[in-house]
Amino acid sequence: MNFKNHKFLSEKLKSGDEKAYDFLMDSFYTKLCSYARSLTNDREKAEDIVQNVMVTIWTNRKKINYNTSIRNYLYKSVYNEFIAQFKKNAKVIYLEKKYIEAIDLVIDNEHLDIDTLMQIVNKEINNLPSKCKEVFLLNKKEGLTHIEISEYLNISVKTIEGHITRAFKILNKKLGDKVKPILYLLFGFKNGLKAVNITHF
């Protein structure tokens, strides 16, 4: 059975074909969990989100209309489930506009494999000059301010800014437009909800 064909897979899912559902789980479950972890920064919560999405898809299989692709539908469903769960556990929600746009850019593009792109970006980050990499990760991954990094490494704020700007220029030169949304996905919700402020492009 050619479950890789979008139309065929959609029809089989709606008809209740369990093999089609198994194909969906085998093809997307791990990738969706990886995506959900980029939002929650929590493995268990990420898996709960994906499981809820997959159960809902099977329960509502006859009603679902996959207008574009099942892949995009799945990623958007995971994102919507994340927002729904976050609202239940937070009195105030603030989602930076650029972060939302970055997510939409990635999940709406069928030709982008999020897991592969994250691996590529991580690899390029690891290839940065050692001090440049250290400063970049302290700022974007750990969430330290320029002043905090300056005090921690005993170097000037101006030097910190230079390292971060250099890191962005290197990443942007090697990875182009895809680096910005992936950096948001990698570091966008550090410590619950701390949006990355990327202004060096």
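The mean pLDDT of the protein chain in this predicted model is 77, and 73% of the residues reach 70 or more. Among the elements of the chain, the highest mean pLDDT, 91, belongs to helix α8 (residues 146-153), whereas helix α5 (residues 97-107) has the lowest, at 57. The pLDDT falls below 50 over residues 91-96, a stretch with 13 contacts in the model beyond near neighbours in sequence. Residues 189-201 are likewise below 50; for this stretch, 41 contacts beyond near neighbours in sequence are present in the model.

Helix α2 (residues 18-40) packs with helix α3 (residues 43-59) at an angle of about 145°, and the two axes lie 8 Å apart. The crossing of these two helices, α2 and α3, is right-handed. On the α2 side, the contact is formed by E18, Y21, L24, M25, Y29, L32, C33, A36, R37 and T40. The residues of α3 that they meet include I49, V50, M54, V55, I57 and W58, together with R43, K45 and E47. By class, the contact of α2 with α3 comprises 14 nonpolar, two polar and five charged residues.

Helix α2 also packs with helix α1 (residues 6-14), the axes coming within 7 Å and crossing at roughly 120°. The crossing of α1 and α2 is left-handed. In this contact, L9, K12 and L13 of α1 meet A20, Y21, F23 and L24 of α2. Six nonpolar residues and one charged residue make up the contact of α1 with α2, with no polar residues.

Note on methods. Residues numbered from 1 in each chain as written. Predicted model: local features only at pLDDT ≥ 70, side-chain atom pairs only at ≥ 80, totals over all residues. Heavy atoms only, no water. Axes fitted to C-alpha atoms, helices over the stretch in contact; angles between N-to-C directions. Helix = DSSP H or I, 4+ residues; strand = E, 2+ residues; numbered from the N terminus. Left-handed = near helix turned anticlockwise from the far one by under 90°. Contact = heavy atoms within 4.5 Å. Nonpolar A, V, L, I, M, F, W, Y, C, P; charged D, E, K, R; others polar. pLDDT = per-residue confidence, 0-100.
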